[in-house]
Amino acid sequence: VWYKTKVAPLTASVTIHASGPQPYTLVELAGEADVTGSETLHALLESETRKRPALLIIEMSELRFMDSAALQAILRAHLMLGKGGGRLALVSPHDTVARVLQMTEVDRIVPVYASVSEAASR
Amino acid sequence: LPTWLEVTGEVAEPESSGLWHAALFHRDTAEFETQACLFAEDAVRAGAAVLIIGPASGRDRLRRGLGGLNDHVTWADVPETGANPGRLISAISRFAREHPGRATWCVQHIAWPSRPAEEMWEVLRHEALLNMALAGAPVRMLCPYDIHLPQELISCAEATHPVICPHGRFQPSPRYDDDFLRLVPAECDRPLTSPPTGARVLTYADDLSAIRHLVSLQASAAGLSPSRAGDLLIAVGELVANTLAHAGGPGTLTMWTTDAEIICQVSDPGHITDPLAGRLRPGPAADHGGRGLWLVHQLCDLVQVRTSKGGTTVRVHMRLAESG
């Protein structure tokens, strides 16, 4: 783990995988991502995005809730990465998190994978 | 029977490119079906994309009347209960966008006598907002209203449709006022009924996680299915998040259950100044927000908003039985 930051009730862990055929930055979100943590989430994703990773993976299997403010932070990262030629991938959203991605059709513009290894191999 | 092609006057010229929005006052189902079929026929002749929104129960009869026109019609079923009219503007806009270069002609059957009054007033608010949201769009809307509806609803339908068809002839509606500031009739904004005694009342500041947890508990205690409980959780989560983002003060959540519904109401000092808030779908890549209320409308069976400088109350309803 590169570093770990806690914004109650959201926890984000960032790991940079520099070796391997496809280097990537992994952001693991756990808990609940809502408006109270969305600015911190945005700042975290922005600072990782600034490092211009070819691939930024957000792992969501431990994320129990995400509101539209948190989704916004993720979308901004997607747009910023796209401008620099990088890409964003989401992994394992479930229940209400998957529902929000599906309803807003964000899952049509940001690819969603079942596992980190699948996301990293594409 | 006349068709819109025979209509004279600026509101209904076939060449006019903007929104044409008519209330069809019909005495019985047969009259509605006849007019709907003529409308669809004219639509197909004009090369328009045809959308028929209505309860599935009336679909088979209408299908028979349409005959060969069926191939040109897209159907959008609305359940007879729990069909939130707050979703329709984004649904119609989407349909229109999916048919670029063509006009959209839509039969919008969303008013019927057995529909509860609180739903009917939201139907009429939607009709009013549609004039604003789709102004200038190449869209024609035919909205059947049964003349046996209460008079105040009929009057309101006249006030929210630029064109009316009371006796088989389309004509400009004398009651329609195209000033957008007065567009939503005051009757649609009557105060909400008081929550029952025994409703749970909770005040929150920034402890949104705890509030969402309580909504989950109430939803499962009420017997809401897990997926709909999840939808209610998302919706209330957006409403309480709006309090934090926009209201600049604490909010109150009130929850109660009736025989048919679980109801959650969020009140805060905020003021929603855009009457179309939540009615138009933000594109998936839009990074300016505006998704919260839109999601609430998509997920809940009925959404009632009362907002002023003094504060905002949003009441959302989820039917306990799965709706059609």
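## What lines the largest pocket

The lining of the largest pocket holds 16 nonpolar residues, 15 polar residues and seven charged ones. This is a predicted model. The space in the largest pocket comes to about 890 Å³. Its lining counts 38 residues, and the closest to the pocket centre are Asn242(B), Ala245(B), His246(B), Gly290(B) and Gly292(B).

Both chains take part. Chain A supplies at least two lining residues from each of α1 (35-50) and α2 (68-83). On chain B, α7 (226-247), β10 (261-268), α8 (292-299) and β12 (311-319) each do likewise. The top contributor is α7(B), which gives eight residues to the lining.

## Where the chains meet

Contact between the chains involves 27 residues of chain B and 22 residues of chain A. The size of an interface is often given as the accessible area lost when the parts come together. Here, about 2,000 Å² is buried between chain B and chain A. Carbon and sulfur atoms give 61% of that area.

Charged side chains also pair up across the interface. Five salt bridges are found between chain B and chain A. In one salt bridge, the side chains of Glu32(A) and Arg212(B) meet at 2.6 Å, N to O.

## The chain B side

Which elements of chain B give two or more residues to the side that touches chain A? They are α6 (208-222), α7 and α8. The largest share comes from α7(B), with nine residues. This side of chain B divides into 12 nonpolar, seven polar and eight charged residues.

## A closer look at Ser92(A)

Where does Ser92(A) sit? Its place is in the loop between β5 (87-91) and α3 (95-103) of chain A. Leaving aside residues up to four places away in sequence, Ser92(A) touches Glu59(A), Met60(A), Ser61(A), Tyr113(A) and Ala114(A).

One of these neighbours, Ala114(A), has its backbone oxygen 2.9 Å from a polar atom of the Ser92(A) side chain. Glu62(A) is 30 residues from Ser92(A) in sequence. In space, Ser92(A) and Glu62(A) are 8.7 Å apart, C-alpha to C-alpha.

Notes. Residues are numbered from 1 along each chain as its sequence is written. Chains are lettered from A and ligands numbered from 1 in the order in which they are written. This is a predicted model: local features need pLDDT of at least 70, side-chain atom pairs count only at pLDDT 80 or more; totals for chains, interfaces and linings use all residues. Side-chain values use heavy atoms; hydrogens and water are left out. On a 1 Å grid over the protein atoms alone, a cavity is a set of points where a 1.4 Å probe fits but cannot get out, and a pocket is an open set with protein on both sides within 12 Å along at least five of seven lines; lining residues have an atom within 4 Å of a point. Grid points are joined across faces, edges and corners, and a volume is the space filled by probe spheres set on the points. Helices (H or I, at least four residues) and strands (E, at least two) are DSSP runs, numbered from the N terminus. Ala, Val, Leu, Ile, Met, Phe, Trp, Tyr, Cys and Pro count as nonpolar, Asp, Glu, Lys and Arg as charged, and the others, Gly among them, as polar. Contact means heavy atoms within 4.5 Å. Buried area is the accessible area (1.4 Å probe) that two parts lose on being put together, summed over both. A salt bridge is a side-chain nitrogen of Lys or Arg within 4 Å of a carboxyl oxygen of Asp or Glu. A polar contact is a pair of N or O atoms within 3.5 Å; within protein, one must be able to donate a hydrogen and the other to accept it, and residues adjacent in sequence count only if both atoms are side-chain atoms.
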